[in-house]
Amino acid sequence: MDGKKIFRIGFIGMGTVGQGVWKHLWRDRDIMQRRFGAEYELAKACVRDINKKRDIEITRQQMTGDPYSVVNDPSIDIVCELMGGTDKALELTLAALKQGKVVVSANKAVICKHGAQIFETAQKYGGKYFFEASVAGGIPIIKVLREGLVANRFSLIYGILNGTCNYILTRMERENAPYEAIVEDARRLGYVEADESLDLDGWDAAHKISILAYLAHGVWANPEKDMLVSGIRGVKLEDMHWASENDARIKLVAAARRTGNSLFVSVYPALLPMADVVANVNDVYNAVALSGDVVGRTVHIGRGAGQDATASAVIADIADAIKSLAVSAPCSLSVAKDSNLHLASLEEVSGEFYLRMEVKDEAGVLAQVASLLAGENISIELLQQKKHGVEGRVWLLLTTHECTEASINRACKKLEDSEIIFGKPFVLRIFKGL
Ligand SMILES: NC(=O)c1ccc[n+]([C@@H]2O[C@H](COP(=O)([O-])OP(=O)(O)OC[C@H]3O[C@@H](n4cnc5c(N)ncnc54)[C@H](OP(=O)(O)O)[C@@H]3O)[C@@H](O)[C@H]2O)c1
């Protein structure tokens with residue numbers, strides 16, 4: 001490969017993911033370079049604390065505390081943004097793209113919040129942006145959507161996009177253990193993000209499904225304004241038992257469902273029938289199921305996070321980055337937007353629901369619940385009363401026939417305000433997948 005260009009790679013962030021990428025690119029450099037058809041050099045890595053011990057072969061001269069010494073170094077062709085966060089990451093990404101560099105990122109939060117600006121800047125300045133590792137870790141789902149399934153329109157994309165929640169739900173079910181005990185264990189094992197809400201309240205999965213929905217439909221759904229987002233905090237063993245008695249499993253489901261010209265993007269805990277492949281994806285694994293009008297149904301399963309799975313996706317992007325630089329290919333991001341498509345309101349979306357509520361153990365309560373639901377045009381399909389540990393209370397578990405998201409929200413508010421229930425009703429969607 002003498003005389004040929006050597007592609008220089010700079011890193012911003014050398015934590016879990018950064019060190020995984022560095023480790024594999026260094027250790028397997030001979031085979032990687034043959035596969036990439038080009039030589040590369042691990043040029044520089046920026047971190048917050050250059051004195052922290054790293055588990056990789058890196059010299060002091062290769063480390064810096066100044067991200068601009070990576071971004072503004074004219075000899076660096078590829079900048080890997082593996083620092084996380086949004087504001088600083090955006091600033092550095094834009095600065096690199098404006099110099100026509102290639103940026104490789106695993107940062108779903110910055111893409112979800114600022115994707116439109118990032119892609120526009122890449123296009124305008126001839127920079128390129130690759131982000132395979134931002135969704136579903138080791139599953140190459142972005143390549144699948146943009147390349148492998150480019151012929152398709154997608155009526156439904158759904159799956160498990162947060163490994164931490166899947167781990168917690170799997171262990172609750174397997175060990176018949178309450179949520180609080182398993183979350184505590186997950187924290188100890190380092191599975192829960194420092195900002196727990198990202199995992200447990202569904203925001204991390206929301207960032208990821210928002211990116212997939214954009215790639216499939218060309219529309220950005222803002223998790224805070226345009227999506228229904230709820231996490232797994234309220235799930236109890238009573239729900240797990242109900243699920244297994246009814247041949248179903250509880251999963252945190254992220255979904256982008258297109259009905260006519262309306263697109264509903266959501267994340268919520270749901271009951272999936274055991275016959276659904278996604279229901280059988282357990283532990284820290286992720287799954288993405290797709291229904292395309294040309295290909296039909298496909299399901300993709302793999303490790304959704306962790307050092308090596310994520311490094312695998314980042315390295316795939318680096319390979320693409322080198323190929324695109326070697327042949328001066330234009331930015332390959334071309335997302336087709338359907339101008340008729342709009343984001344669905346809760347009045348437009350309907351489904352079947354499971355409700356669990358803690359009610360007074362006295363005559364007339366069931367009739368009052370049924371009448372309150374009927375007031376919102378919601379009819380009950382199944383109803384079960386279960387023993388409660390506290391005197392004078394019972395659990396009421398029920399499923400509904402089809403009704404709208406808006407009506408279930410109104411009914412839950414009325415129930416919460418009524419005298420008959422303690423606290424709030426807990427809701428699971430009954431998910432109809434592929
Ligand atoms: N971990 C996963 O399994 C996973 C999976 C998929 C995607 N991701 C995404 O990958 C990205 C990195 O995640 P991670 O788990 O590797 O994070 P991490 O372990 O916390 O590493 C972050 C790295 O960035 C450096 N850094 C942070 N702020 C900086 C700043 N202002 N200036 C310079 N350096 C800075 C840190 O320096 P110090 O080391 O000195 O603190 C550290 O090396 C995130 O966007 C994350 O969402 C992670």
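Modeller: Start with Lys236, which lies in the loop between β8 (228-229) and α11 (237-245). Helices (H or I, at least four residues) and strands (E, at least two) are DSSP runs, numbered from the N terminus. Residues are numbered from 1 along each chain as its sequence is written. The model is predicted, so local features need pLDDT of at least 70 and side-chain atom pairs count only at pLDDT 80 or more, while totals for chains, interfaces and linings use all residues.

A residue is buried with 20 or more other C-beta atoms within 10 Å of its own, exposed with 12 or fewer, and partly exposed in between; the C-beta atoms are placed from the backbone. Asn176 is 60 residues away from Lys236 in sequence, yet their C-alpha atoms are 10.0 Å apart in space.

Now the core. The largest nonpolar core holds 134 residues, and Ile209, Leu212 and Val314 have the most contacts inside it. Helix α10 (residues 203-217) supplies the largest share of this core, ten residues. Such a core is a set of buried Ala, Val, Leu, Ile, Met, Phe, Trp, Tyr and Cys residues joined through C-beta atoms within 7 Å. Take Leu212: it touches Val135, Ile141, Leu145, Ile157 and Ala256, leaving out residues up to four places away in sequence. Contact means that two C-beta atoms, placed from the backbone, lie within 7 Å.

Next, a sheet. Six strands form an open sheet in the order β3-β2-β1-β4-β5-β6, with parallel pairing. β3 (63-64) and β6 (128-130) are the edge strands, each with a single partner, so one side of each has no neighbour in the sheet. Two strands pair if DSSP finds at least two bridges between them. β1 and β2 run parallel and share seven bridges, with Phe7 opposite Tyr40 of β2. Two bridges join β2 to β3, also parallel, and Cys46 faces Thr64 of β3.

Helix α12 (residues 307-326) lies across β1 (6-12), β2 (39-46), β4 (78-81), β5 and β6, at about 170 degrees to β5. Axes are lines fitted to C-alpha atoms, for helices over the stretch in contact, and angles run from 0 to 180 degrees between N-to-C directions.

Then the ligand. Its shell has 25 residues, and Gly13, Gly15, Gly84, Ala106 and Ala305 come nearest. Near means a C-beta atom, placed from the backbone, within 6 Å. Helix α1 (residues 16-27) gives the most to this shell, three residues. By type, the shell has eleven nonpolar, nine polar and five charged residues. Nonpolar covers Ala, Val, Leu, Ile, Met, Phe, Trp, Tyr, Cys and Pro; charged covers Asp, Glu, Lys and Arg; the others, Gly among them, are polar.

Last, strand β14 (residues 350-360). It runs antiparallel to β18 (residues 421-430), over seven bridges. Phe353 is bridged there to Arg429. Seven bridges also join β14 to β16 (residues 393-400), again antiparallel, and Glu358 pairs with Trp395. Two bridges link β14 to β17 (residues 403-404), antiparallel too. Here the partner of Ser350 is Thr404.
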